[in-house]
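Morning, everyone. I'll take a few minutes on one model. Please have a look at it first.

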Amino acid sequence: MSLATKPAKKFKLSHNASRTLVSGCAYALLCFVSCVFVFPLLWIVMSSFKNGVDLSSDPTALLPQHFTLENYRHVLFDMGFITNLKNSFIVSIVTTILAVVISCFGAYGIVRYFPRVGRQITRLLVTAYMFPPVLLAVPYSMVLAKIGLVNTYTGLVLVYLSFSIPYALWMLVGFYQTVPREIEEAAAVDGASKLHIFARIATPIVAPGIVATTIYTFINAFNEFLYALLFMGTSDKMPVAVGLYSLTGTEVLDWGALMAASTCVVVPSVIVFLAIQKYVAAGLTEGSVK
C-alpha cells in the first residue's frame with residue numbers, strides 16, 4: 001500500500017505583511033541614499049575643525065583628533081571672509097525681496113486678468129532658463145559697463161533679477177491658480193477693492209507657496225558664481241562663492257581654511273531650509289493642484 005504524498009504548502013505572505021516588507025525595504029533604501037548624500041557635507045563640517053596635522057596625516061577620518069576653531073578665525077577675520085558673507089546676504093536678500101514682490105503681482109495678474117494666455121506667458125518667461133548663463137555674460141557686461149554699474153551691488157542685483165523673476169513668476173502662477181474665485185467674488189460683494197483682495201485674501205492663502213519660492217530664490221542668488229565673478233572685481237565686493245573660489249588660487253592650498261569657508265557657505269542655507277521645510281513641502285503640494 002503506497003502512501004499518497006501531500007503537496008507542500010506554498011508560503012504566502014499576507015497583504016499587510018507584504019506591504020510592511022515593501023515599506024521597510026523602501027525606507028532602508030532611502031536611508032542609504034540619504035547617508036550617501038549627507039556624508040560629504042558631514043565630512044566637510046568635521047574637517048573644518050581639524051588642524052593641519054590631522055588633515056595631512058589622515059584626511060579621510062571623520063572625527064578630528066585635535067578639535068580647533070583656528071580655521072574659522074583665520075577665514076573669517078584674517079582673510080576677510082566675513083565681508084564676503086555680508087555681501088552675499090545683502091545681494092541675496094534684496095534680490096529675493098524684489099523678485100518675490102514683483103512676481104506676486106505678476107502671477108496674480110496673469111491668473112485673474114489673462115487666464116487664457118497665462119500658460120503661454122509663463123512658458124515664454126521660463127524660456128530664459130533655456131539659455132546657458134555664459135551666453136548672456138557678454139550682453140550683461142556691455143549693458144552694465146554702459147550704465148556704470150560694474151562692481152556694484154545694484155548691477156549684480158539687476159542681473160540676478162533677470163533670471164529670478166521668471167522663475168518665481170512661473171512658480172507663483174501655479175499657487176495663485178489654487179485660490180478659489182468664489183472667495184474673491186464674496187469679498188468684492190462686501191466692498192473690498194482689488195488691491196485689498198490681492199493683499200488680504202489671495203496672498204495669505206498662497207503663503208506656503210510664497211515661502212517655498214522665497215527660499216529657492218534666495219538659495220539660487222546666494223550660491224550664484226559666474227556673474228558674481230565677472231561683475232564684482234574688488235575683494236570687498238565679492239560674494240562668498242567668489243571668495244571661496246579665491247582660496248583655491250594660492251600656491252599652497254590651506255585645506256583647513258577651505259573646509260571652514262565651505263561650511264560657512266553651505267550650512268546657512270541648509271539650516272534655513274530645515275527650519276521651514278514644512279512650509280516648503282506645503283507650498284509645493286499646494287501648487288501641484290490645479
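Which residues line the largest cavity? Hold that thought for a second. This is a predicted model.

Now the list. The lining of the largest cavity is made by S88, V91, S92, L156, Y160, A221, F222, E224 and P239. Helix α4 gives the largest share, with 3 residues. Sort the lining by class and you get 6 nonpolar, 2 polar and 1 charged residues.

How much space lies in the largest cavity? About 40 Å³. And the structure holds 1 cavity of 30 Å³ or more. How do we look for such spaces? Rolling a probe the size of a water molecule over the atoms shows where empty space is left.

Where is S262 placed? Find helix α13, residues 255–275, and you'll find S262 within that helix. Is S262 buried or exposed? Buried, because its relative accessibility is 12%, and the cut-off for buried is under 20%. What does S262 touch? Set aside the neighbours within four places in sequence, and S262 is in contact with I44 and L244.

Now the record. An unreviewed UniProt entry lists "transmembrane region" for residues 21–46, 89–111, 123–145, 157–176, 197–219 and 257–276. Let's check two of those spans in the model. Residues 21–46 are 100% helix and 0% strand. The end C-alpha atoms of that span lie 36 Å apart. Residues 257–276 are 95% helix and 0% strand. There, the end C-alpha atoms are 30 Å apart.

Last topic, confidence. The chain has an average pLDDT of 82, and 88% of the residues score at least 70. Where is confidence lowest in the chain? In helix α14, residues 277–287, with a mean of 58. Confidence is highest in α4, at 92. Keep one rule in mind. Where pLDDT is low, the predicted coordinates should not be read in detail.

One link before I stop. Helix α4, where confidence is highest, is also the element that gives the largest share of the lining of the largest cavity. Thanks, everyone.

Technical notes. Residues numbered from 1 in each chain as written. Predicted model: local features only at pLDDT ≥ 70, side-chain atom pairs only at ≥ 80, totals over all residues. Heavy atoms only, no water. 1 Å grid on protein atoms, 1.4 Å probe; cavity = no way out; pocket = protein on both sides within 12 Å on 5 of 7 lines; lining within 4 Å. Points joined across faces, edges and corners; volume = space filled by probe spheres on them. Helix = DSSP H or I, 4+ residues; strand = E, 2+ residues; numbered from the N terminus. Nonpolar A, V, L, I, M, F, W, Y, C, P; charged D, E, K, R; others polar. Buried < 20%, exposed > 50% of the residue type's maximum accessible area, 1.4 Å probe, protein only. Contact = heavy atoms within 4.5 Å. UniProt positions renumbered as here; feature names shortened; annotations may be inferred. pLDDT = per-residue confidence, 0-100.
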